[in-house]
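Here is a short report for a reader new to this structure. Look at the model first, then read on.

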Amino acid sequence: MHQKLFILFLIFSSINLTAQITGTVTDSENKTLPYVNIYTEDGRFGTTSNENGIYELKINNPGVYNLVFQFLGYQTQKKTISVKEFPYQLDISLKPETTSLAAVNLTGENRANAIIKKAIANRKRNAQKLKAYTADYYSRGLWRIENAPEKILGQEIGDLGGGLDSTRSGIVYLSETISEISYRRPDDFKEKIIASKVSGNDNGFSLNSAQESYFSFYENTVEINSEMVSPIAEYAFNYYHYELDGVFYDENGNLINKIKVIPKREKDRVFSGYIYIVEDLWQIFGVELQTTGQAIQVPPIETLDFKQNYRFSEENGFYVQLSQTVDFRFAMFGISGDGRFTAVYSNYNFKPEFDKNSFGNEIMSFAEAANKKDSTYWKKLRPVPLTKEEINDYVKKDSIQTIRSSRPYLDSIDRVRNKFSLTSPVFGYSWQNSHKNRYFNISSPLMGTHFNTVQGWNSSTTISYRQNESDENSGEFWRLYARLNYGFSEERVRVSGGFQKEFNDSSRPVLSISGGMETTQINKRKPISERLNDISTIFFERNYLKLYQRTFAELSYQQEMLNGLYFSGEFSYENRDPLINHTDQVIIDNEDVQYTSNNPLQPDNFGSVPFNKHDIFKLRLNTRIRFGQKYMSYPNRKININNEKYPTLYLGYEKGFGASIEAYNFDQFKASITQTFNMANKGEFGYNLNGGAFLNAQNMAYIDFRHFIGNQTRVYDGFSNLSRFNLLPYYALSTNKTYAEAHIEHDFKGWILGKIPFINQLNYNLVVGAHGLYTQHNKPYSEYSVGIDNLGFGKYRLLRLDYVIANRDGHREGAFVFGLKFLGILD
């Protein structure tokens, strides 16, 4: 009862007491209108009505104000009011816009086409009118779930932080931000978040950001996972048909053309709906556009609806954005729901005084105590009033948070969660003390069971303890772990372990100390996963996994030294033993196939080893330079954003010294440069070029050679397409000489297949690639591939199929290679 009274009090106070000018916007049938733009004629103050049609305009001083009420599809209404005291109540009823079709086909040409051609011709010029500005920005994000199941894939999902009611429905995410944003052409941007609020987490920070929620239809493409073609892109007529739905005049007397946007191919990277174009200026007045999850290739999304409203700025003769709403629906794994992201722009300044220090690589930051603003602050500055549902969510989750963060509640939950069951020794066990942020885990020996010809059946389990910093946003933690492995055919136990500490979540310095005994792949880049090797070995007698044993002590450190400059270093002592096969067990005996030895150099010599037992010290130094890297600064965290305009450079040095066999000492220098970038409607292109050279390495140990990421299973194994070879045998071209690799790939993202009748209904992506390898004293190796990505059914698109042609030593080989995007999860 007390909670209900409190909610009623909040609703009353949020609608009346804290607002300066408030009211409800309805249509001619007295139905409330959500997301109507309300602003003063000079553009200084602005707001938007909420889902219930209620608005609040934050004006502090009495006086005469000219208010504008604007909503696409309705006649814009101006109202002059004289405010003597606050709160001031003003309810408005908007009439549907009356459109005329008198101008259609006057010249025999489709009038809509002529308008769009003019908008396209003036697109760049209009976009360039917005040279620089500052503005106030408000955003709100909301996710709802409907009829959620109790479990997904056997895992209980609970009530999602108190968001679900007895019908398993409700708000699972609600957040708000108030920001100050700055912009300068062509791409300088900065946002300072003044206030941030997350329902149910008084220490949390909203994920909403102005730059990530900004969608400009003046650009040729709008990035929403895929590059979606704007209705006024320079090549828009390749994607759309247009119809003139009608015309009307706005409050400035400008003629507005309402154009219906019709995709030529529904599953292409396109929108449908309406775009409003201003006659003579050929600028955007507003958009009401929709796309689908199939179009953006995010299967859980069903629909995305974009609505943008603009007002005319006398200062620069340009229609500037007032507000944006993005509505979406989603469904997958039995969960469905909807959501909305709302953005409101106000208090524009088109003549800001920027200097050379106004912009940099930091694109977002938080003011001090931005997440500690109380309800009074939000009532005063929130431009879009909360709905009853949102108020109820804040009150309920704040109450729940108080209870669920208390020690008695956390202890009670832990007692249930920490129970040891009869299946725990098989499926693993976890224990935690939530109040003190302590976690203990024993991994599943069953899931850690594998098969290889060296150990036979073998099982591993990892025992770990982790202590997190009490401040959940700091990212600081330390961890102890031990890994036990037993090989049944070897009858041998191996134990390794270590300590790891991360000092903060900004520059992410991590110190690691580890040691023990373990088996590891001769190719330290691990080109084949244990799970895939299990299958290829016991079913097909293809034992591609080649192992050796190392007894080691290792110290490593890594940190981002400067923005975009990342350093890692590692120093180790290793005692390294070659291993041989201990089993020939198979499940399916293939008569024409047999196991090979554990020596890649002599696969038919089962008693041979690829190197002699030895000790060695190793030093590895690596640097990664991300040119032009942008970042977002949270109070205790830094999120880096790769700038696709520039490549990433890797430099590395590795030294083996103090070896018990002197010839095994060596030096290696290596470098690589890689980049992936969008090519608008033509898809995504990526390349990776790398190479290296050895010094003093004529007779070095085979395990220190440069080994490449090959593939003999005809199944992709989780590596980037820009780092692997599809048909190269794992150890065929390993080298201790100079080497160079080149990988390129282009994903057309529907640019080709999306235009072919019938095939375009499948929503597949055409992918082409090429890979080359040079090693000293060997003929060059090359591959060319053509593939289809986004394979699958319905919302489950996890597959890829390529046909690859490889050229090696004058011989050509062709084969299909199958991609399982989830395979890496199984290891």
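A search of the whole structure, a predicted model, finds 48 aromatic pairs. One of them joins W143 and F330. The ring centres are 5.4 Å apart and the planes stand at 50°, so the pair of W143 and F330 is tilted. This pair links distant parts of the chain. W143 sits in strand β9 (residues 132–146), F330 in strand β21 (residues 318–332), and 187 residues separate them.

How exposed is each partner? The table gives the relative accessible area of W143 and of F330.

| Residue | Relative accessible area | State |
|---|---|---|
| W143 | 32% | partly exposed |
| F330 | 10% | buried |

Elsewhere, F248, Y276, F285, F312 and Y319 form one aromatic cluster.

Next, a sheet. Four strands make an open sheet in the order β3-β2-β5-β6, with antiparallel pairing. Its edge strands are β3 (46–48) and β6 (77–83), and each pairs on one side only. Neighbouring strands are turned by 20° against each other on average, direction ignored. Strand β2 (residues 37–40) pairs with β3 over 3 bridges, in the antiparallel sense. N37 has T48 in β3 as its bridge partner.

Terms used. Residues are numbered from 1 along each chain as its sequence is written. This is a predicted model: local features need pLDDT of at least 70, side-chain atom pairs count only at pLDDT 80 or more; totals for chains, interfaces and linings use all residues. Side-chain values use heavy atoms; hydrogens and water are left out. Two strands pair if DSSP finds at least two bridges between them. Helices (H or I, at least four residues) and strands (E, at least two) are DSSP runs, numbered from the N terminus. Axes are lines fitted to C-alpha atoms, for helices over the stretch in contact, and angles run from 0 to 180 degrees between N-to-C directions. Rings of Phe, Tyr and Trp (its six-membered ring) pair if their centres lie within 6.5 Å; planes under 30 degrees apart count as stacked, over 60 as edge-to-face and the rest as tilted. Buried means under 20% relative accessible area, exposed over 50%, partly exposed in between (1.4 Å probe, protein chains only).
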